[in-house]
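Reader: Can you take me through this one? I'd like to go over the strands and then the aromatic rings.

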Amino acid sequence: GNPLSYAFPANTFTDIDAGDTLTLTASTLPAGILFNATTRTFSGTPKAPSVTPVTVTATDRFSLAVSDTFVLTITKAPLSVTADAKTKVYGAANPALTATLTGFVNGETLSTSGVTGAASVTTSATEATGVGSATLSAAVGTLVSANYGFAAFTDGTLTISQASSDLTLANLAQTYNATPRPVSVASSPAGLSVAITYGGSLVVPVNAGSYAVAARLNEGGNYF
């Protein structure tokens with residue numbers, strides 16, 4: 001945990017005999033915490049969360065003693081859970097969704113902290129979600145730890161980029177017969193909507209000649 005330092009007030013224990021000196025002792029201290037009788041200070045770095053009744057005893061030179069008990073509560077250190085940013089191509093399955101944990105203390109890392117399990121990261125995005133971005137939501141999932149708590153969760157972003165496509169033109173050489181002579185186009189993946197122009201026009205030519213044929217996708221930006 002984080003370092004602790006607490007000094008109780010000097011008038012917590014008093015002696016009616018002038019000039020008498022009180023000796024202070026403390027019992028049932030949690031692991032990692034020490035007591036300095038001279039400064040009346042509890043200090044150290046707790047080793048684990050706990051709720052510990054601590055008894056402080058003041059003894060005078062005649063061995064007369066009085067005690068006071070208080071509860072020292074050491075809570076779990078908080079960790080932040082952030083969904084990792086991910087990318088994918090339109091039409092592809094979602095990548096493995098992961099999260100990063102931050103806030104470890106005492107020089108610990110995920111591998112040395114004793115944290116087990118994994119955070120849960122979910123999204124509404126599917127293979128059919130169009131180009132753009134989708135929210136990745138982080139939650140505690142199966143994370144468990146004796147010394148750390150999980151309370152702060154930060155969303156991430158799934159970025160969906162355009163998928164590639166291929167267009168193949170056919171019937172580019174035809175014979176005049178006084179009717180419109182359209183070319184044909186095949187797309188991969190199949191079934192994509194394609195616009196074809198002839199010399200910059202959507203009108204299919206009838207007369208003999210050479211025409212610059214261009215094919216363009218009409219897919220709302222999901223393909224290039």
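Author: This is a predicted model. Strand E5 (residues 50-59) runs antiparallel to E2, and five bridges join the two.

Reader: Which residue in E5 is the bridge partner of serine 27?

Author: Threonine 55 is the partner of serine 27.

Reader: What is the strand order in that sheet?

Author: The order is E2-E5-E6, an open sheet of three strands with antiparallel pairing. Strand E2 (23-27) and strand E6 (65-74) each have a single partner strand, so they stand at the edges and one side of each lacks a neighbour in the sheet.

Reader: And how much are neighbouring strands turned against each other on average?

Author: By 20°, with direction ignored.

Reader: Switching to the rings. How many aromatic pairs are there?

Author: The count is seven. In one of them, phenylalanine 8 and phenylalanine 13, the ring centres are 6.2 Å apart and the planes are at 80°; planes over 60 degrees apart count as edge-to-face, so this pair is edge-to-face.

Reader: Are phenylalanine 8 and phenylalanine 13 buried or exposed?

Author: Phenylalanine 8 is buried, at 6% relative accessibility. Phenylalanine 13 is buried too, at 12%.

Reader: What about tyrosine 90 and tyrosine 223, how are those rings arranged?

Author: Edge-to-face, with 5.5 Å centre to centre and 85° between the planes. The two are 133 residues apart: tyrosine 90 is in the loop between strand E8 (86-89) and strand E9 (99-102), while tyrosine 223 is in the segment after strand E17 (213-217).

Reader: Which residues do ring pairs link into a cluster?

Author: Phe8, Phe13, Phe35, Phe42 and Phe70.

How values were computed:
Residues are numbered from 1 along each chain as its sequence is written. This is a predicted model: local features need pLDDT of at least 70, side-chain atom pairs count only at pLDDT 80 or more; totals for chains, interfaces and linings use all residues. Side-chain values use heavy atoms; hydrogens and water are left out. Rings of Phe, Tyr and Trp (its six-membered ring) pair if their centres lie within 6.5 Å; planes under 30 degrees apart count as stacked, over 60 as edge-to-face and the rest as tilted. Buried means under 20% relative accessible area, exposed over 50%, partly exposed in between (1.4 Å probe, protein chains only). Helices (H or I, at least four residues) and strands (E, at least two) are DSSP runs, numbered from the N terminus. Two strands pair if DSSP finds at least two bridges between them. Axes are lines fitted to C-alpha atoms, for helices over the stretch in contact, and angles run from 0 to 180 degrees between N-to-C directions.
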